[in-house]
Amino acid sequence: MTAMSGQVWVSLISLGGVVLGGLLSYLVQHRTQLSAERAEQQRQKTALSEARRAERLALLERFVEVGAEAERAAFSRPAEWDHTHDWYLRTRDIMNRLWVAERLIRIQFPLPVHDAARAYFLDLNRTVWQGLPDGESVRDYLEGNRLAFLDAARAVMG
C-alpha cells in the first residue's frame, strides 16, 4: 500500500505541475494578447491622429490657396464691372470656394482658428466686392487678419 500511496503522490504532484504549467501558460498568453491589443489600439490611435493632421493641413492649404486667389482678384478689381464681366464670373467662383473652405475650417478646427479665418474672409470679401477707399492698400488692409489666421492655425497644428 505504501508503494501505491507513493505512486498516487507522484501522480498528484505531476498533475499539479501540469495544472500549474497550464495556468502559467494561460496567464502569459493572456498578458501577451492584452499587450498586443493595447499596441494595436495605440497604433490605430496614432494613425487616426496622423490622418486628421493631414486633413487639417490639406484644408489649411486649400484655404490659403483660395485666399491668395481672392487677394489677386481684389488687386485686379476693375473700376467698372457688372454680373457678366469676366472678372466677376471668375471672382464669384473663387469667393464661393473660399466661403466653403472657411466653413470647413469651422468644422475641423477650434473656434479661435475659425474666428481668425472668418475675420480674414470678411475683410477679403469686403475688399473684393466693395473695394477700398482711394489710397488704401489691399495688402496692408488684409495683412492683420491674414497673419492672425496663420498664427492661430500654426498654434493649433504645433
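Arg43 is partly exposed, with a relative accessible area of 48%. Partly exposed lies between buried (under 20% relative accessible area) and exposed (over 50%), taken with a 1.4 Å probe and protein chains only. The model is predicted, so local features need pLDDT of at least 70 and side-chain atom pairs count only at pLDDT 80 or more, while totals for chains, interfaces and linings use all residues. Residues are numbered from 1 along each chain as its sequence is written, and side-chain values use heavy atoms, with hydrogens and water left out.

Arg43 forms a salt bridge with Glu40, with the closest N and O atoms 2.6 Å apart. A salt bridge is a side-chain nitrogen of Lys or Arg within 4 Å of a carboxyl oxygen of Asp or Glu. By this rule there are eleven salt bridges. Glu40 is partly exposed, at 32% relative accessible area. Both residues lie in helix α1, three residues apart, about one turn of the helix. Helices are DSSP runs (H or I, at least four residues), numbered from the N terminus.

Helix α2 holds another such pair. Arg97 and Asp93 are four residues apart there, about one helical turn. Their side chains meet in a salt bridge of 3.4 Å, N to O. Arg97 is partly exposed at 29%, and Asp93 is partly exposed at 42%.

In helix α4, Arg146 and Glu143 are three residues apart. Their salt bridge brings the closest N and O atoms to 2.5 Å. Arg146 is buried, with a relative accessible area of 17%, whereas Glu143 is partly exposed at 24%. Both belong to a network of salt bridges that also links Glu71, Arg139 and Asp140.

The largest nonpolar core has 28 residues. Such a core is a set of buried Ala, Val, Leu, Ile, Met, Phe, Trp, Tyr and Cys residues joined through side-chain atoms within 4.5 Å. Phe63, Leu98, Ile105 and Phe149 touch the most other members. Two or more residues come from each of α1 (2-75), α2 (86-108), α3 (111-130) and α4 (138-157). Leaving aside neighbours within four places in sequence, Phe63 is in contact (heavy atoms within 4.5 Å) with residues including Leu98, Ile105, Tyr120 and Phe149.

Val19 lies in helix α1 and is exposed, at 53%.
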